[in-house]
Amino acid sequence: MEQADFLEILEKLKHFENSTWPTLERGGSHFIPVDEVIKQAQERLQLLKLDDTDELFSLRLGGLERLWGLRSNDVFSLLWWDPHHEICPASKKHT
């Protein structure tokens, strides 16, 4: 990750601090079942001893960019940065 990317993400997270979960969800953030993410992400959860997790939270930063993590009540615990929406690729419409 380049420093500029890190600083941009940090600014977005600071902005999100003033948002509610329902507001973030209206903006495209949502829970995703673990069995719908790519195999490499599931394997990484095993290595992190988080394989008892049923769902992950996809925090939409804009465009394709996502942060993935665990959401418990009001706390988001960051796991991964997904700049190209590759952890759980969206299926193409009309194909």
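**Rings and a pocket**

Colleague: Why is phenylalanine 31 called partly exposed?
Modeller: This is a predicted model, and in the model phenylalanine 31 has a relative accessible area of 31%. Buried means under 20% and exposed over 50%, so phenylalanine 31 counts as partly exposed.

Colleague: And what makes phenylalanine 57 buried?
Modeller: Its relative accessibility is 0%, which is under the 20% cut-off, so phenylalanine 57 counts as buried.

Colleague: Why is the pair of phenylalanine 57 and phenylalanine 76 called edge-to-face?
Modeller: The centres of these two rings are 6.2 Å apart, within the 6.5 Å limit, and their planes are at 70°, over 60, so the pair is edge-to-face. This pair links distant parts of the chain, with phenylalanine 57 in strand β2 and phenylalanine 76 in strand β4.

Colleague: Which residues do ring pairs link into a cluster?
Modeller: Trp21, Phe31, Phe57 and Phe76.

Colleague: How do you know that the charged end of arginine 71 sits over the ring of phenylalanine 57?
Modeller: The charged end is 4.9 Å from the ring centre, and the limit is 6 Å, with an angle condition as well, so the pair counts.

Colleague: What lines the largest pocket?
Modeller: The lining includes Ser19, Trp21 and Phe76, and its largest share, three residues, comes from α1. The volume of the pocket is about 240 Å³.

Colleague: Is serine 19 buried, partly exposed or exposed?
Modeller: Serine 19 has a relative accessible area of 24%, between 20% and 50%, so serine 19 is partly exposed. It lies in the loop between α1 and α2.

How values were computed. Residues numbered from 1 in each chain as written. Predicted model: local features only at pLDDT ≥ 70, side-chain atom pairs only at ≥ 80, totals over all residues. Heavy atoms only, no water. Helix = DSSP H or I, 4+ residues; strand = E, 2+ residues; numbered from the N terminus. Buried < 20%, exposed > 50% of the residue type's maximum accessible area, 1.4 Å probe, protein only. 1 Å grid on protein atoms, 1.4 Å probe; cavity = no way out; pocket = protein on both sides within 12 Å on 5 of 7 lines; lining within 4 Å. Points joined across faces, edges and corners; volume = space filled by probe spheres on them. Phe/Tyr/Trp six-rings, centres within 6.5 Å; stacked < 30°, edge-to-face > 60°. Lys NZ or Arg CZ within 6 Å of the ring centre and 35° of its normal.
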